[in-house]
Amino acid sequence: MKNNDNAMTCVLKADLFKLKKHKSVYIGLAVMFAMILIVYCIYWIGTAIIENAHPADQSALEMQQELLKLLSPLGRQSLAGFSETCSMSLFVSIIACIFIGKEFSNGTMRIAVSRGANRIRLYFSKWISLAVLTVAYSVIVILVCGIFTAIKGYGLPFDGAQFGLLMRCFALQLLCNLSTMSIVVMIAFLCRSSGASLGATIGAYIALSMIFGIAATVSGLSGNADWIMFMPLQQGTVASSLAKFSATELCAVLIMPVAYAAIATAIGIITFIKRDIK
């Protein structure tokens with residue numbers, strides 16, 4: 001048992017070290033920071049322009065107040081939906097495809113398996129390494145959004161209840177991002193190439209966004225569109241909400257990410273065990 005634990009620890013340490021050395025990790029972080037900065041700059045500049053305007057009459061004054069009311073929640077909404085603000089799941093997905101794909105293309109995975117390495121341990125080592133990255137990204141991004149939000153204010157009294165809501169958003173978005181990462185890890189192990197897995201992941205991301213976007217519009221016109229939040233990769237919007245959850249939303253945001261992560265991991269491990277590595 002100790003030998004197995006030591007072997008897993010060694011594999012995990014090696015993967016964490018390799019991931020730490022990947023330039024894509026730092027490029028992704030820089031791009032996310034730039035995206036967050038752009039969102040908040042638009043908010044700050046827009047608010048400043050409207051506040052400094054000089055309404056000519058009562059009608060213009062009322063319009064100014066309405067615009068300020070519309071812009072006021074943008075800071076806290078960007079903070080609550082921190083991972084959506086910078087498309088964090090997309091960047092984690094890209095890094096996962098590059099990280100795992102390289103292991104196959106440069107022969108590292110084949111050599112490890114030929115030397116008797118346990119395939120399940122290899123799979124979970126990659127999963128845990130990318131989970132650590134997801135957690136680290138989440139903490140950094142919500143802190144940056146929090147600092148930027150504080151510059152103009154939260155827009156509401158920031159008390160224990162608001163802090164609790166933000167922590168709920170953090171936990172649920174982290175769960176959703178881990179679920180997305182699990183699906184991408186499965187795709188990367190199935191494709192066994194950075195290019196192929198990137199193409200499949202981005203293609204699936206665009207296709208699902210288009211399909212469910214159209215479905216949401218059609219369902220919204222004809223009836224209830226709640227079923228969409230139970231579909232793959234569709235829980236992020238619910239997870240970033242500061243409103244009180246309905247029972248349906250709670251089930252979707254708690255159960256579905258876990259279910260999709262479990263299914264994807266099971267498929268990834270089974271196929272990795274069964275297929276030969278060339």
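**Pockets and helix packing**

Analyst: The largest share of the lining of the second largest pocket comes from α8, with six residues. This is a predicted model, where local features need pLDDT of at least 70 and side-chain atom pairs count only at pLDDT 80 or more, while totals for chains, interfaces and linings use all residues. Residues are numbered from 1 along each chain as its sequence is written, and side-chain values use heavy atoms, with hydrogens and water left out.

User: What makes a residue part of the lining of the second largest pocket?

Analyst: On a 1 Å grid over the protein atoms alone, points where a 1.4 Å probe fits form a pocket if the set is open and has protein on both sides within 12 Å along at least five of seven lines; a lining residue has an atom within 4 Å of a point. Leu16, Leu19, Lys20, Val25, Tyr26, Leu29, Ser129, Val132, Leu133, Ala136, Tyr137 and Ile140 line the second largest pocket. Two or more of its lining residues come from each of α1 (2–21), α2 (23–51) and α8 (119–152). Its volume is about 210 Å³, counted as the space filled by probe spheres set on the points.

User: How do you know which class of residue makes up that lining?

Analyst: Ala, Val, Leu, Ile, Met, Phe, Trp, Tyr, Cys and Pro count as nonpolar, Asp, Glu, Lys and Arg as charged, and the others, Gly among them, as polar. On that basis the lining of the second largest pocket has 10 nonpolar, one polar and one charged residues.

User: And what lines the largest pocket?

Analyst: That pocket holds about 430 Å³ of space. It has 21 lining residues, and Glu84, Leu233, Gln234, Gln235 and Gly236 are the closest to its centre. α10 gives the most, five residues, and the lining divides into eight nonpolar, 12 polar and one charged residues.

User: What makes a stretch of this chain a helix, and how many are there?

Analyst: Helices are DSSP runs of H or I with at least four residues, and strands are E runs of at least two, numbered from the N terminus. The chain has 12 helices and zero strands.

User: Why is α6 called roughly parallel to α9?

Analyst: The axes of α6 (residues 88–105) and α9 come within 9 Å and cross at roughly 30°. Axes are lines fitted to C-alpha atoms, for helices over the stretch in contact, with angles from 0 to 180 degrees between N-to-C directions. Angles under 35 degrees count as roughly parallel, over 145 as roughly antiparallel, 65 to 115 as roughly perpendicular and the rest as oblique. So α6 is roughly parallel to α9.

User: Why does α6 get another label against α8?

Analyst: Those axes come within 11 Å and cross at roughly 150°, which means that α6 is roughly antiparallel to α8. Met88, Phe99 and Glu103 of α6 are included in the contact, as are Lys126, Leu133 and Tyr137 of α8.

User: Why are α8 and α12 called oblique?

Analyst: α8 and α12 (residues 247–274) pack at about 140°, their axes 9 Å apart. The angle falls among the rest, so the pair is oblique. Trp127 of α8 and Phe272 of α12 are among the contact residues.

Note on methods. Contact = heavy atoms within 4.5 Å.
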